[in-house]
Amino acid sequence: MGEYNRVLDEGVREQVARGAFFMPFDGYDTGGFYDEMFEADGSPRASARLLFERISSVGDTELRRYQQAAEQALFRMGITFNVYGDEAGTEKIFPFDIIPRIVPAEEWTQIDRGLRQRVHALNLFIDDIYHDQKILNDGVIPRYLIFSAKSFRKACLGLKPPRGTWCHITGTDLVRHNDGKYYILEDNLRCPSGVSYVLENREIMKRTFPQIFDRSNVRPVGDYPSHLLRMLQKIAPAGIADPTVAVLTPGIHNSAYFEHSFLAKFMGVELVEGRDLVVMNGYVMMRTTKGFQRVDVIYRRVDDDFLDPLTFRADSMLGVPGLMDVYRHGRVALANAPGTGIADDKVIYAYVPEIIKYYLGDDAILPNVPTHVCWDDAERLHVIENLDKFVVKAANESGGYGMLVGPQSTAEQRDNFKAAITAHPRNYIAQPTLALSRVPVIVDDHLEGRHVDLRPYILYGEEIFVLPGGLTRVALKKDSLVVNSSQGGGSKDTWVLSC
Amino acid sequence: MLSRLADSLYWMSRYVERAENVARFIDVNTWLSLDLPAGYQEQWSPLISTTGDDALFAKHYPDASKRNVIRFLTFDTRNPNSIFSAITAARENARLARQYITLETWEQINRFYLAIQNGARLASRGFEPGQDFFSDVMNASHLFLGTLYATMSHNEGWHFCRLGRLIERADKTSRILDTKYYLLLPSIDSIGTPYDDIMWAAVLRSTSALEMYRKRFQQISPDRIVEFLVLDREFPRAIHYCVVSAEGSLHAISGAPIRTFSNPAEQHLGRLCAELNYIQVGEIINRGLHEFLDDIQVRLNMVGDAIENAFFALQPVPVLPQYQAGSDA
């Protein structure tokens with residue numbers, strides 16, 4: 001075997017010396033899916049031609065070497081997450097594939113417009129729900145759907161967040177279907193994570209594969225922390241010239257801890273845990289080496305439920321007792337505002353096109369995935385009869401949990417879902433199974449297509465900012481449609497082109 | 001600066017220093033054993049005494065063979081003071097302070113950890129760490145120190161790092177001197193033999209002090225060695241140097257002038273400095289070196305506790321009743 005490898009190595013070296021490479025794309029098959037890099041006939045798309053030529057000219061040996069270098073760099077930089085339930089001290093890197101995913105300039109223009117429109121409308125919706133409830137009074141959305149939503153917060157009724165902005169940071173999930181169109185899959189208005197990987201993926205690519213950027217017209221993403229900080233400073237309580245900003249993390253054992261410390265580091269602000277904060281004399285204070293110091297803005301990465309045990313869950317150890325009272329008095333700003341989760345409920349999601357129409361008078365620029373709501377009797381019957389064709393989702397779960405993928409399900413799983421839907425129709429929605437678009441990823445010594453989604457990040461302070469980039473999550477398992485990192489997903493650098 | 005963050009920086013530094021000292025002890029003992037005449041018993045148990053973990057060691061190992069002692073001090077996760085445990089703790093603290101320390105510092109400590117972890121994996125398959133390994137550990141510690149020094153602003157956080165390191169180092173120097181002195185002094189019959197000289201030289205080597213000592217005193221003599229390691233003002237591993245520099249950092253943090261105090265940590269440390277400023281080696285020997293060093297360790301612990309209370313453990317303040325009212329859910 002050793003002899004065999006030696007001979008193989010020499011063979012490769014010889015070929016490299018002669019300039020005869022194995023072509024990494026040889027035998028690449030788009031498999032009848034929309035491929036982000038190739039046309040249906042197998043030729044590279046116009047936007048991807050330069051990238052295709054660069055990768056082809058490197059050869060598969062070099063390509064694998066870059067891939068390994070990237071993985072080593074991730075370990076060395078300690079960009080890892082703890083593996084739950086595994087033996088102590090086991091850390092893994094979030095799998096990363098060095099072939100970038102390209103978003104052409106004209107497609108991005110449309111995504112950018114669509115996201116601005118959507119976030120604008122959703123923010124008006126949340127503010128309305130916690131104040132006048134016009135949209136309910138006008139009968140556009142049944143009142144019962146709001147009050148039965150797990151993420152509806154009674155404690156937020158009448159709250160007036162600074163500048164009327166509720167969803168300061170949004171991480172919308174988009175997918176592209178076989179028809180070549182982008183669809184909105186989820187809005188993620190609570191604590192969307194992953195933006196640190198957008199920045200780190202770009203960093204790793206620059207470290208390991210710098211020549212690939214040459215003349216590629218990739219829009220930079222590195223200024224995200226500056227935009228985030230500016231937005232957080234803008235929402236500070238009135239009259240504070242130099243507000244103290246802090247990132248609130250559940251702590252080192254949270255799987256997104258790396259991101260929390262990353263964002264605090266690059267904004268140059270404090271990273272605090274609940275136990276570092278205390279409410280005193282009507283203000284939120286942090287414990288410092290020089291005594292207590294006031295905090296004005298908190299970018300909280302702790303869910304609503306755990307923010308303040310006096311208002312929400314009494315058993316929370318992660319929050320700050322009394323925080324909500326300070327917030328209500330306008331003496332601290334929270335991003336995102338508590339209560340935004342109402343728009344994340346998957347049943348409410350189904351109404352977003354109507355929400356956009358109601359508040360802005362326009363049609364949605366980016367369409368929803370067609371969604372059946374099971375609380376409606378006719379739709380429920382249709383869903384239950386066709387369970388093997390639909391993806392069924394629980395209204396208030398995320399991370400790929402509480403989901404039935406009909407075409408890949410067993411009769412037993414379908415029976416369980418049927419029973420659950422019948423018992424709690426309000427809790428379920430159904431969508432057609434989408435053929436997510438694919439991108440090439442490195443598999444051993446060649447490239448294969450894998451399904452992806454796209455999560456861009458949107459900031460909303462005074463005005464709306466959409467980061468020209470995003471997290472491309474890729475389902476690394478062959479034929480899998482689930483891109484979540486908890487279910488074997490990885491990520492890629494995402495190139496939004498400037499022209 | 002956030003109290004919890006200061007705490008992490010202080011301990012990150014202390015643990016790296018601790019790992020370096022353990023590597024140093026083992027390295028010198030290995031080196032020393034090569035010079036011993038045939039039939040002379042190798043001394044490995046004193047190494048356990050320097051970290052004060054005799055009881056724990058006895059619980060898990062039948063005898064203090066070289067192999068057992070090295071394993072216990074290097075990769076044993078049951079020993080909180082092993083190199084592996086110390087570097088794991090240092091990295092955990094660095095993770096907690098990651099947003100504050102520089103990328104270079106973080107990467108250095110992360111690499112340090114990955115290297116030790118790799119060593120531990122190899123050790124479980126029979127690898128026995130030798131001098132290369134221990135000198136790598138010492139180098140990694142110096143690299144960490146240098147990265148910290150060269151990339152981080154010399155601000156409050158940096159002073160907490162320095163404080164942790166110097167207090168740990170003063171403690172370790174006192175312990176190694178105590179153990180070696182106690183072991184070496186009774187062998188009166190070997191006084192004047194080449195081994196006496198070699199043994200004492202080993203004490204200096206284990207604190208990297210041999211060359212600097214030679215420049216100051218040339219001839220090896222126990223009293224001079226005590227004087228050098230306890231009272232020297234310029235040698236960076238001498239107890240006196242460590243506490244005076246630690247005092248500088250403590251006052252840089254609080255802003256109080258030296259020779260005054262604004263908290264119990266400064267008070268205890270100031271007293272210790274004052275004593276070392278004016279005591280002479282003869283007085284130390286007359287009082288009994290062991291008693292003297294023991295007293296220093298106790299006082300360093302008091303300083304450590306006082307730092308904890310003054311900076312890290314700000315007492316929780318209850319939510320005032322008027323702000324508890326009005327929660328509506």
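Me: Axes are lines fitted to C-alpha atoms, for helices over the stretch in contact, and angles run from 0 to 180 degrees between N-to-C directions. The model is predicted: local features need pLDDT of at least 70 and side-chain atom pairs count only at pLDDT 80 or more, while totals for chains, interfaces and linings use all residues. Residues are numbered from 1 along each chain as its sequence is written, and chains are lettered from A and ligands numbered from 1 in the order in which they are written. How is H4(A) oriented relative to H13(A)?

Reply: Helix H4 of chain A spans residues 105–129 and helix H13 of chain A spans 352–360 (helices, H or I of at least four residues, and strands, E of at least two, are DSSP runs numbered from the N terminus). Their axes come within 9 Å and cross at roughly 80 degrees. That angle makes the two helices, H4(A) and H13(A), roughly perpendicular (65 to 115 degrees; under 35 is roughly parallel, over 145 roughly antiparallel, the rest oblique).

Me: How many nonpolar residues are in the contact of H4(A) with H13(A)?

Reply: H4(A) contributes residues including Leu122(A) and Phe125(A), and H13(A) residues including Ile355(A) and Tyr359(A) (contact: C-beta atoms, placed from the backbone, within 7 Å). Two residues of this contact are polar, one is charged, and the nonpolar ones number nine (nonpolar: Ala, Val, Leu, Ile, Met, Phe, Trp, Tyr, Cys and Pro; charged: Asp, Glu, Lys and Arg; polar: the others, Gly among them).

Me: How do H1(B) and H7(B) run relative to each other?

Reply: In chain B, the axes of H1 (residues 3–33) and H7 (residues 131–151) come within 9 Å. They cross at roughly 150 degrees. H1(B) and H7(B) are therefore roughly antiparallel.

Me: How many charged residues are in the contact of H1(B) with H7(B)?

Reply: The meeting residues include Glu20(B), Arg24(B) and Asp27(B) of H1(B), with Phe134(B) and Met138(B) among those of H7(B). Eight residues of the contact are nonpolar and four are polar, and the charged ones number three.

Me: Which element gives the most to the side of domain 1 of chain B that touches domain 2 of chain B?

Reply: Chain B is assigned domain 1 (1–152) and domain 2 (155–313), with bounds from an automatic or database domain assignment. In their contact, 25 residues of domain 1 of chain B meet 21 residues of domain 2 of chain B. H1 and helix H2 (45–51) of chain B each supply at least two residues of the domain 1 side. With 16 residues, the element that gives the most is H1(B).

Me: How many charged residues are on the side of chain A that touches chain B?

Reply: The contact takes 30 residues from chain A and 28 residues from chain B. On the chain A side 15 are nonpolar and eight polar, and the charged residues number seven.

Terms used:
Two residues are in contact if their C-beta atoms, placed from the backbone, lie within 7 Å.
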